[in-house]
Amino acid sequence: MTIEPLLIAELALLGVGTGFLAGLLGIGGGMLMVPFLTIIMGHRGVSADLAVKMAIATSMSTIIFTSIASVRAHHKRGAVRWDIVRRLAPGIVIGSLIGSLGLFSLLKGTALAIFFALFVGFSATQMFLDKKPKPTRQMPGTGGQLAAGGVIGFVSGLVGAGGGFISVPFMTWCNVAIHNAVATSAALGFPIAVANVAGYIASGQSVQGLPAGAFGYIWLPALAAIAVTSFLVAPLGAKAAHSLPVSKLKRVFASILYLLAIYMLWKGLRG
């Protein structure tokens, strides 16, 4: 593929949108990035199946950079719950490696897409209803958080997202304040991305038909363009997150979740 100015502009614009979402809502922007990268690569001659897989892997690789930029901004405001990060991270790494090294190259993901859509739709509805969790409910113990991290890492690796669509509802359900949940989710995006990227590179080494600029399943030109712009914009999203009232932030996040659920349901039913 030729790296023409139009392609660079498309990728940079995509990086601006995903970077802002990463800072604002603690998500890596993968569910926005994957479909657009699939379209961009498909228009440039990459087969549909390979384009989807490379879009997922490339999306995840950019989260390494958006996570760093976003978490720095949140940490300055003291919003990151590092105690939660330390307990969830080991499970996240294990789950991510299982997904990206093994099942990523085998599963079509239609059943997973439908399950994911239902789960996200339920989470969004709970946020819109603003049902308060039981005051006594807290984050589970070390074993429970290890298991939760495994699920977050595994599912994130299969859909190319930073895990905020699971981790933020999970933490708020456990009475973690929404601002802390968003900030902590941004920090969790880093181990999710690093572990999954390692798996994508290893599992993609023997794949035939990769376009120029590919490293395993990762498309390096897109990674470079999106990473630079998203890294610069993510702090602006984080700043906006701390200036919004909690109720409005919840509604914004729930609206994004509904869009993700509709998209994933459509992908799963198309199967």
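Residues are numbered from 1 along each chain as its sequence is written, and side-chain values use heavy atoms, with hydrogens and water left out. Local features need pLDDT of at least 70 in this predicted model, and side-chain atom pairs count only at pLDDT 80 or more, whereas totals for chains, interfaces and linings use all residues.

Of the 271 residues of the chain, 52% count as buried, a term for under 20% relative accessible area, with exposed meaning over 50% and partly exposed in between (1.4 Å probe, protein chains only). Among contacts (heavy atoms within 4.5 Å) with a separation of 6 or more, 82% join residues 24 or more positions apart.

Helix α3, residues 48-76, has 29 residues and spans 42 Å from its first C-alpha to its last, close to the 42 Å expected at 1.5 Å a residue, the expected span being 1.5 Å times one less than the number of residues. Because 21 of its 29 residues are buried, α3 is largely enclosed by the rest of the structure. Just after α3, Gly78 adopts a positive phi of about 65°.

Elsewhere, helix α8 covers residues 178-203 and contains Phe190, a residue that is partly exposed, with a relative accessible area of 36%.

Technical notes: Helix = DSSP H or I, 4+ residues; strand = E, 2+ residues; numbered from the N terminus.
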